[in-house]
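Please look over the sequence and the model shown here before reading on.

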Amino acid sequence: MSRYVLGLDYGSDSVRALLVDTSNGREVADHMVVYPRWSKGLYCEPQRDQFRQHPQDYLDSLEEVMAGLWWKVPTGIADKVVGLSIDTTGSTPVAINKQGVPLALTPEFSENPNAMFVLWKDHTAIKEAAEITQKATANSINYISNMGGVYSSEWYWAKALHVLRSDEQVRKAAYSWVEHCDWLTAVLTDTTDPSVFKMGRCAAGHKIMWNEQWGGFPPNDFFVAIDPLLDGLVDTLNADTQTSDQLAGRLTQEWAAKLGLRVGIAVGYGAFDCHMGAVAANVKPGVLTKVMGTSTCDITVVAPQQLAGASVKGICGQVTGSVIPDMVGLEAGQSAFGDLYAWFKNVLNWPMANINLNITGVDANAAVAIKQHIEQQTLQALSDKASQITPKATDVVALDWINGRRTPVANQGVSMAIQGIKMGTDASYIFKALVEATAFGSKAITDCFTEQGVPVNSIVVIGGISKKSDYVMQTCADIWNCQIDVLKSEQSCALGAAIFASVAAGVFATVSEAQASLASPVYKSYQPNPQRVPVYEQLYAKYQTLGHYENGLA
């Protein structure tokens, strides 16, 4: 009898559910639901780099996505599901009370953005991140040495400190802070109470300073030295972190009824989307997996002995067991990839959104349809025109730091720039420069790895952009000067979660065994154009020079 597993992938805008048959690896069905409050722009202030999500969005969307999934499969399959696991964006923490409830789920804080999940791309904590970096660097033990050497405003401690400083009511009510991927797992297994709450290795190691070298988290004295407001917070955290192949608990009766599943099925420990996506991409030493969406996350693994105790500088951490048990997972990424394209599209379409089309003979509904059609076709039209432009060393060059820089060397204070615009530069040339900028930023990450002894022999990409744009992918191949393999799965992160669920449920004994049966095959490959490689080497040099200038180094 076939046994099925579920992967639940919580992205920046929506949640996706994927049902996988463990007997043959077939992706039976998937369904997607957009977060209702988030889609309305509630609780966010982009001008202040504030991006918050209501926990009720996550819960409501979970019920809705599962209800939609069951409409797509034959009756009775739900009874054959044996396990599920969750991946989310991160670092996306929230303040909880002593009962383990996110403050925004209590009446007093239901409309307070500071009581909600602080989304990964929220950069309101730049000041706090700099203070943490300074204290860690000056400390006798550098507690961020294995986190790239720079603490980011995208991460747990900076975000928690910023909110504690900004909101006295939240400060008084908060007992601890938890990550999205760990909280949802605990909700489904009734382990949200801080006395029994456990964290997955992924979030704890890459964002919360957990490290096996010092037996868990840094001591309370370290955090008090940063700010007394952090006093005691680390003592609320359970240092007994778990890898994602382990069983976190069993699905409760309440949530089984809500999700249409059997009571007691296995629930694995949660992790970040890119880490689980890398597992679906058969990540292994020498293979760099890139999750390309609104942002990017780059994941590879090495054997512990290969690093020989060295810390890789400028990345988002190296953690044993954060991707595959017993291997060191290394993370990097870009704070904006698809978001940069979306920004440019919105700039171009500003008149469509803000000017009324009062055209004689065209009714209001038709005018709206015209606007929507133009907006939907903008990026494709730009890609079609840009793909016809032959790159030259004198072309426009841009930086990709529209949302700051994640790696190499986190710095959310930097911004993007465009150089070389003249009267003859139209939108397609600017778009070309933006696409090249995202590819240049990605190349800088690969260089960061290889220059420090982490091998990158091949690149596998997953995520929406890898399937949507031949132009973007070919540009990446030309700039990276290597073959790029795109995976077949449309939901690679959810597939990775399903792979971990199959191990937690006991269908497979190990992650590698599960990968052999369930991981996604290659859908398409891109080869670099040898005529364009030398031109892009010159443009990449200009990108680096522009970056040094913008960063105040020239």
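Helices (H or I, at least four residues) and strands (E, at least two) are DSSP runs, numbered from the N terminus. This is a predicted model, in which local features need pLDDT of at least 70 and side-chain atom pairs count only at pLDDT 80 or more, while totals for chains, interfaces and linings use all residues. Residues are numbered from 1 along each chain as its sequence is written, and side-chain values use heavy atoms, with hydrogens and water left out.

Glu-179 is part of strand 8, which covers residues 176–179. Buried means under 20% relative accessible area, exposed means over 50%, and partly exposed lies in between (1.4 Å probe, protein chains only). Because its relative accessibility is 1%, Glu-179 counts as buried. Contact means heavy atoms within 4.5 Å, and, leaving aside neighbours within four places in sequence, the residues in contact with Glu-179 include Ser-91, Phe-117, Tyr-156 and Lys-207. A polar contact is a pair of N or O atoms within 3.5 Å; within protein, one must be able to donate a hydrogen and the other to accept it, and residues adjacent in sequence count only if both atoms are side-chain atoms. Such a contact, of 2.4 Å, links the side chains of Glu-179 and Ser-91.

Ser-91 itself lies in the loop between strand 5 (81–88) and strand 6 (93–96), and the peptide bond that leads from Gly-90 to Ser-91 is cis, with omega near 10°. As background, most residues other than glycine have a negative phi, and most peptide bonds are trans. Tyr-43 has a positive phi near 70°, and Asn-282 has a positive phi of about 60°. Tyr-43 lies in the loop between helix 1 (36–39) and strand 4 (52–53), whereas Asn-282 is in the loop between helix 10 (273–280) and strand 12.

The table sets out the accessibility of several residues.

| Residue | Relative accessibility | Class |
|---|---|---|
| Lys-290 | 0% | buried |
| Gln-491 | 14% | buried |
| Tyr-43 | 16% | buried |
| Asn-282 | 36% | partly exposed |

Gln-491 sits in the loop between strand 19 (484–487) and helix 18 (492–504), and the side chain of Gln-491 is joined to that of Arg-16 by a polar contact of 3.5 Å.

In helix 12 (residues 338–348) the buried residues are Gly-338, Asp-339, Leu-340, Tyr-341 and Phe-344, and their cover includes helix 14 (364–386) and helix 15 (427–450).

Turning to the whole chain, the secondary structure comes to 20 helices and 20 strands. The radius of gyration is 23 Å, close to the 24 Å that the globule rule gives for 554 residues, so the chain is as compact as a globular protein of that length; this radius is taken over C-alpha atoms, and the rule is 2.2 Å times the number of residues to the power 0.38. Of the 554 residues, 59% count as buried, and residues 24 or more positions apart account for 73% of the contacts with a separation of 6 or more.
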